[in-house]
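Dear colleague,

I am handing over the structure below, and the notes that follow it set out what was found. Please read them with the coordinates open.

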Amino acid sequence: MKTETTIQGLSASLNPARAARKIIGFVPTMGNLHEGHLNLVRAARKLCDVVVVSIFVNPIQFGPNEDFDNYPRTLEHDSHLLAEVGCDIVFAPSVEQMYGKQPRLTNISVSEITNDLCGLQRPGHFDGVAVVVTKLFNIVQPNFAFFGQKDYQQLAVIKQLVRDLNMPIEVIGVPITRAEDGLALSSRNGYLSEQERATAPSMYATLQAAEKQLQNGQSLDVVLSNIRQQLTEAGFDVDYVEVRTPMLQKIGQFDQDIVLFVAAKLGKTRLIDNLQVKHST
Ligand code: AMP
């Protein structure tokens with residue numbers, strides 16, 4: 001496995017594969033890797049000849065009061081894990097390498113679906129994601145790019161961006177990887193105290209209970225308010241509990257497949273999760 005820290009170095013590493021028309025798979029990450037990330041790499045490995053993983057903590061997707069400075073940076077450990085799952089090239093650029101010294105004047109904004117859910121709590125977040133992903137796509141020029149359903153809204157934003165701007169890339173969504181107790185794996189889980197970590201799995205348990213209630217004919221409104229109540233009782237500070245169609249449209253009744261979304265804080269740590277619920281016809 002090679003590690004490249006410059007755009008030029010990455011191009012030099014990828015050019016032979018491009019010339020040989022090899023299929024290039026790309027997994028963008030912010031590092032501090034866990035099994036969730038590694039499953040994206042495994043999915044890429046299955047489908048592609050060459051697998052590139054980027055590790056870049058992108059400053060412009062963090063709000064002023066978010067954890068950019070403290071975000072865990074563990075490149076050496078990440079590299080060991082990536083080598084084990086068959087990554088070919090790690091791209092780990094500096095902020096200066098990605099953004100240069102000249103001011104950036106171009107913005108990318110995916111409207112409507114970003115003014116919702118996490119976009120409401122994190123203004124500018126998805127614009128920052130759209131810019132960095134577009135830059136990375138242009139740098140890596142992959143055939144396939146892999147994103148986790150854990151960040152369902154982000155995946156939808158990237159799919160929309162690729163479609164709207166005719167990017168010649170196929171975006172693949174990979175299911176959520178969970179700990180044995182159901183907690184969706186996240187780099188931010190490391191911020192949880194022991195007690196918070198013990199509480200955290202109830203987020204997924206609450207979503208599963210909601211799925212059962214819906215299948216038993218309970219109305220959406222009641223189910224959403226049950227989720228909110230259960231999370232609050234468990235000790236979460238709820239940001240939102242919402243339901244959308246798989247394409248993130250608002251919906252009032254459970255009459256088609258839906259996705260339940262929650263975001264809530266445990267202490268200072270903000271956790272998100274979602275559950276796709278099928279409507280049986
Ligand atoms: P991050 O490093 O948090 O920016 O995540 C990089 C990629 O890994 C994103 O596409 C995430 O959606 C994905 N990811 C993170 N955690 C998980 C998980 N538990 N299951 C599946 N994908 C994940």
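E194 is found in helix α8, residues 194–199, where helices (H or I, at least four residues) and strands (E, at least two) are DSSP runs numbered from the N terminus. Because its relative accessibility is 76%, E194 counts as exposed; here buried means under 20% relative accessible area, exposed over 50% and partly exposed in between, with a 1.4 Å probe and protein chains only. From C-alpha to C-alpha, E194 lies 46 Å from N166, although the two are 28 residues apart in sequence.

Before going further, please note that this is a predicted model, in which local features need pLDDT of at least 70 and side-chain atom pairs count only at pLDDT 80 or more, while totals for chains, interfaces and linings use all residues. Residues are numbered from 1 along each chain as its sequence is written, and side-chain values use heavy atoms, with hydrogens and water left out.

N166 sits in the loop between α7 and β6, and at 65% relative accessibility it counts as exposed. Its phi is positive, about 50°, although N166 is not a glycine. Most residues other than glycine have a negative phi. Q141, in the loop between α6 and β5, also is not a glycine and has a positive phi of about 50°, but with a relative accessible area of 49% Q141 is partly exposed.

Helix α7, which N166 follows, comprises 13 residues (152–164) and should span 18 Å at 1.5 Å a residue, a figure that agrees with the 18 Å between its end C-alpha atoms; the expected span is 1.5 Å times one less than the number of residues. The buried residues of α7 include Y152, L155, I158, L161 and V162, and among the elements that cover the buried residues of α7 are α5 (118–121), α6 (125–140), β5 (144–148) and β8 (258–266).

As for the chain overall, it has 10 helices and 9 strands, and its C-alpha trace spans about 55 × 40 × 40 Å along the principal axes. For 281 residues a compact globule would have a radius of gyration near 19 Å, and the chain, at 19 Å, agrees; this radius is taken over C-alpha atoms, and the globule rule is 2.2 Å times the number of residues to the power 0.38. Buried residues make up 51% of the 281. Of the contacts (heavy atoms within 4.5 Å) with a separation of 6 or more, 71% are between residues 24 or more positions apart.

Best regards
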